[in-house]
Structures are given as C-alpha cells and as structure tokens.
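Trainee: Could we walk through this structure together, one question at a time?
Mentor: Gladly! Have a look first, and then ask away.

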Amino acid sequence: MKSFIQIGRLLRAGVRGFVAGCTVDRIDLPRFGALVRVPLAGDLEAVGLIYDIHVDDDGLVRQLAAASEVLPSTIQDAQVNRNVPLEISVLTIGHLRSGAFSPALPPRPPLSLNEIFLCTEEEISKFTGGGQYGYFRHFLHHPDLPLEDVLVAHLAQTQPIHRGSGNPDWIQGAVRELVVLLREDYQRLMGVMYSLRDLKFESIQLEVE
C-alpha cells in the first residue's frame with residue numbers, strides 16, 4: 001500500500017494555481033520546485049508545482065521582533081505553537097483523471113480545506129516522463145513566477161528520478177523543449193540556460209542553435 005504524505009490544506013484556489021497552509025512542524029516536507037496533487041472530486045485531481053513558500057507575520061511576532069531581548073523559550077513557542085501557517089504557493093501544471101496525467105488545466109479549481117499531497121517518485125516519473133513536456137508552457141504564462149529558479153529546482157529534483165528509472169536522457173529532452181518554447185525570447189532563454197549550467201548534469205547539451 002502506498003504511503004501518501006499530506007503536507008497541508010488549501011486556503012484559496014483558482015484553476016491556474018492555489019495556496020495551501022502548512023503547519024510549522026511540517027516545514028521540512030514542502031520543497032521549492034516539488035510536485036504536489038490535490039484531489040478534486042471523484043477520479044479527478046489537480047497537479048501543481050510549488051513555486052513559493054513563505055511565513056506571514058502576526059501581532060505577536062511583530063512585538064517580539066521589536067523587543068530588546070527575547071527568551072529562547074519564547075521564540076521556540078512562537079515558532080512551534082503559532083496559529084499562522086506556512087503558505088505554499090502552487091502553479092497548476094495539469095490534472096489527473098483515473099490516474100492518467102494530462103498537461104491541460106483541470107476543469108475546475110480545488111476547494112478550500114482540500115488536502116494537498118506530495119507526489120511520489122513513481123507519480124513524478126509518470127507525470128513528467130514519456131516525452132511529456134507539455135506542462136512546461138504553464139511556467140511561461142505566470143507573471144510572478146521566478147522562472148529560472150523554479151526550473152532549476154524542478155529539474156534538479158526530477159532528473160535523478162528519471163535517471164534511477166532508466167531514463168537518463170530526460171533532461172536533454174527537457175532542454176530541447178525549453179529552447180523551442182523560449183526561442184522568441186532570447187534574453188529569457190539565455191537566463192534559463194545559464195541557470196541550468198549550474199546543475200552540471202552528465203551529458204547535457206545546452207547549446208542554443
């Protein structure tokens with residue numbers, strides 16, 4: 001039986017993305033660039049990528065930050081027991097229907113307080129494998145997305161999964177797809193390519209023809 005890791009519940013959502021709340025004691029679970037899924041209804045699920053994680057302040061934190069001295073026990077209590085959750089911003093990259101992944105947006109958004117789960121390595125391999133790079137286009141249409149940072153984080157987490165499942169050339173196909181998608185925006189393309197160079201994947205070819 002699979003073990004599904006629940007990391008939080010939705011605060012607000014739209015078809016193109018959603019925001020989930022995560023308790024502070026689960027801070028190590030969501031990772032920037034990780035893939036997640038949210039059950040919608042029946043056999044339908046939204047699949048997304050974490051592109052931001054932040055902690056909002058509250059009245060108590062503002063007071064403590066302005067204090068001249070704060071006891072370690074007080075800081076510990078404020079960090080662990082505070083009611084304000086971590087906020088996880090997610091870009092929707094597709095949906096699942098009866099277990100089959102599509103890079104098309106889901107027909108409706110998830111609802112508030114729906115659970116959000118980390119995708120397993122098996123699910124990530126299934127969603128992103130088989131030459132399916134169609135979900136990359138969602139990265140380019142989000143005005144607030146830190147494109148280079150998100151791509152580096154996503155590819156760095158995904159390539160080892162494909163390499164472990166016998167598909168080491170997945171990264172090369174991903175680079176070719178990015179070149180096609182960004183060919184009309186040379187400055188942005190070169191920014192992505194320079195960021196990818198830092199990953200130092202074996203046999204990767206980053207030349208832009």
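This is a predicted model: local features need pLDDT of at least 70, side-chain atom pairs count only at pLDDT 80 or more; totals for chains, interfaces and linings use all residues.

Trainee: How many aromatic pairs does the count come to?
Mentor: Two rings pair here if their centres lie within 6.5 Å. By this rule, the number of aromatic pairs comes to six.

Trainee: Which kind of aromatic pair do Tyr135 and Phe136 form: stacked, tilted or edge-to-face?
Mentor: Their rings lie 4.8 Å apart, centre to centre, with 75° between the planes. Planes over 60 degrees apart count as edge-to-face. So with an angle of 75° and that cut-off, the pair of Tyr135 and Phe136 is edge-to-face.

Trainee: And what kind of pair do Tyr135 and Phe139 make?
Mentor: Here the ring centres are 6.1 Å apart and the planes stand at 80°. Because an angle over 60 degrees decides the class, Tyr135 and Phe139 are also described as edge-to-face.

Trainee: Is Phe139 buried or exposed?
Mentor: Buried means under 20% relative accessible area. Phe139 has a relative accessible area of 1%, so this residue is buried.

Trainee: Turning to the strands, which residue in E7 is the bridge partner of Gln6?
Mentor: Strand E1 (residues 6-13) and strand E7 (residues 115-118) run antiparallel and are joined by three bridges. Within E7, Gln6 has as its bridge partner Phe117.

Trainee: And which residue in E7 is the bridge partner of Arg37?
Mentor: Strand E3 (residues 35-41) is joined to E7 by two bridges, and they run antiparallel. In E7, Arg37 is partnered by Phe117.

Trainee: How many residues lie between E1 and E2 in their hairpin?
Mentor: E1 pairs with strand E2 (residues 17-22) in the antiparallel sense, over four bridges. Ala13 stands opposite Phe18 in E2. The number of residues between the two strands of this hairpin is three.

Methods. Residues are numbered from 1 along each chain as its sequence is written. Side-chain values use heavy atoms; hydrogens and water are left out. Rings of Phe, Tyr and Trp (its six-membered ring) pair if their centres lie within 6.5 Å; planes under 30 degrees apart count as stacked, over 60 as edge-to-face and the rest as tilted. Buried means under 20% relative accessible area, exposed over 50%, partly exposed in between (1.4 Å probe, protein chains only). Two strands pair if DSSP finds at least two bridges between them.
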